[in-house]
Amino acid sequence: MGNRGMEDLIPLINKLQDAFSSIGQSCNLDLPQIAVVGGQSAGKSSVLENFVGRDFLPRGSGIVTRRPLILQLVNNKAEYAEFLHCKGRKFVDFEEVRMEIEAETDRLTGSNKGISPIPINLRVYSPNVLNLTLIDLPGMTKVAVGDQPPDIEHQIRDMLMKFITKESCLILAVTPANTDLANSDALKIAKEVDPQGLRTIGVITKLDLMDEGTDARDILENKLLPLRRGYIGVVNRSQKDIDGKKDIRAALAAERKFFLSHPAYRHIAERMGTPHLQKTLNQQLTNHIRDTLPGLRSKLQSQMLSLEKEVEEYKNFRPDDPTRKTKALLQMVQQFGVDFEKCIEGSGDQVDTSNLSGGAKINRIFHERFPFELVKMEFDEKELRKEISYAIKNIHGVRTGLFTPDLAFEAIVKKQIIKLKEPCLKCIDLVIQELINTVRQCTNKLDSYPRLREETERIVTTHIRERDSKTKDQVLLLIDIELSYINTNHEDFIGFANAQQRTAANATKKRVMPNQMVLWSVFRSSAEAGSPSTSAS
């Protein structure tokens, strides 16, 4: 390319990829890369082998690529390959490279055609390649074969999405020319994450296998389903050529001859073929790295400053320092308090969509369970009439009264108010139990410190139990206050006149009367039945 600094960009990213693969994490840095996607038998493996000029990828029916293969091509005078998991060993025989890929794949996925998202890092040094890094992903499939899990299609799709959804990833969408481009799996999934076609590079394979009289000229000229980075056509070796061990150099020469001699592609022959594709990808990846490098650098510097600050804190670190232990203890206890408050007050963080918990359950106890317990407090009207009659007669004694005594009304009403104690105390018990369940839920994060978790649960639960008795005392006191004085001037109080009117109205509407009105109507009718003035009239 002429610019040595630019040529060093791809090897630099390769070193970062190796470092991240070694530690098993990406440090939240999305490295610029090219991901190869396509359906099974689309020709992805043949394209990659043509780049290297060697047969080194596993072949066969069904899913052959079952783990992502990070293929790093490095221009070098000597030709050999290295695996990240086999440090220090150089593979000169590329047949051994193929066997090592198969063995390393089976080591994690087994031999049942399962897949794994953990990549294999392969670096190939050769004088025939340009500096280039590609990620070969499993081919998309529709049907599970053999011992494959039934959701293999979704597993592969999820794996592809993890790579191609990142804005730093270019997508090499490989599609065979002898299928309908509109139904291309590669272009379809690329369009989902890159609807404008800004990150997608189209590769059309098997141009030599198209039906006679048809061609892919409109596609290659970027007129049909256009992509900003365009399409490049290639001609791979046929299965017969592969079985016959046809030399890849001879295949590349035949590919060149095909484009120069075909009337539909002759005018664009210089922009077709594997060598042009490799050169284009080298330029595209280099430019892509250059464009994303400033953002990558600033993110890396930010993380380095954060790590340096953290390292500074550990310079004088002493594991037996009691102040550090106390600080860690306080932080965990404070976090428990924050989690408990969020559970009770509600929070948008990690919302549970399957079950009610914490404050939501307590809310339901107050607004659904407690009213339900009150509604269940039904009484026998016949028994109530008898009680009212006895109360009036007992208060009058040997005398016959002209009016209904207030004491009889108070005696009957107080007896009904006392019945509120049981549902109120039951409501308190339900709330207490839910608070204790919430405490246990919030102490799950302390599993690494079983003694701390046990003590935290004990202390908080004991405190809740103490408040339990005091809360019940307060509720009982409130009921006793209501019992001590019956305020008949209160706006919610239903007098005899109002009771009669409401009783008539409810009878007309055929509605069920509330307990308060039932009590009044029964009390009045019983009082009238026992009053001598009523019988005299």
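Trainee: Strand β6, residues 169-176: how many of its residues are buried?
Mentor: In this predicted model, 8 of the 8 residues of β6 are buried, so the strand counts as mostly covered.

Trainee: Which residues of β6 are on which side?
Mentor: Cys169, Ile171, Ala173 and Thr175 lie on one side. Leu170, Leu172, Val174 and Pro176 lie on the other, and both faces are covered.

Trainee: OK, what about β1 and β6, in which sense do they pair?
Mentor: Parallel, over 6 bridges, with β1 spanning residues 33-38. To place it in the view, find Ile34, whose bridge partner in β6 is Leu170.

Trainee: And how many bridges join β6 to β7?
Mentor: There are 6 bridges between β6 and β7, and these two strands run parallel. β7 covers residues 200-205.

Trainee: What do β6, helix α6 and β7 make together?
Mentor: A β-α-β unit, and a right-handed one. The helix, α6, takes in residues 185-193.

Trainee: Switching to aromatics. How many aromatic pairs are there in the whole structure?
Mentor: The search finds 7. One of them is Phe83 with Phe91: the ring centres are 5.2 Å apart and the planes stand at 85 degrees, which is over the 60 degrees needed, so the pair is edge-to-face.

Trainee: Are Phe83 and Phe91 buried or exposed?
Mentor: Phe83 has a relative accessible area of 3%, under the 20% cut-off, so it is buried. Phe91 is buried as well, at 1%.

Trainee: Then Phe258 and Phe259, why is that pair called edge-to-face?
Mentor: Because their planes are at 75 degrees, again over 60, with the centres 5.4 Å apart. Phe258 and Phe259 are both buried.

Trainee: Which residues form the aromatic cluster there?
Mentor: Phe258, Phe259 and Tyr265 form one cluster.

Trainee: Back to Tyr80. What sits over its ring?
Mentor: The charged end of Lys90, at 4.6 Å from the ring centre.

Trainee: Last topic, confidence. What does the chain average for pLDDT?
Mentor: The average is 80, and 82% of the residues score at least 70. Over residues 531-537, though, the pLDDT is below 50.

Trainee: How many contacts does that stretch have in the model?
Mentor: Leaving aside near neighbours in sequence, residues 531-537 have 6 contacts.

Key:
Residues numbered from 1 in each chain as written. Predicted model: local features only at pLDDT ≥ 70, side-chain atom pairs only at ≥ 80, totals over all residues. Heavy atoms only, no water. Phe/Tyr/Trp six-rings, centres within 6.5 Å; stacked < 30°, edge-to-face > 60°. Buried < 20%, exposed > 50% of the residue type's maximum accessible area, 1.4 Å probe, protein only. Lys NZ or Arg CZ within 6 Å of the ring centre and 35° of its normal. pLDDT = per-residue confidence, 0-100. Contact = heavy atoms within 4.5 Å. Helix = DSSP H or I, 4+ residues; strand = E, 2+ residues; numbered from the N terminus. Pairing = 2+ DSSP bridges. Right-handed = clockwise from strand over helix to strand, strands pointing away.
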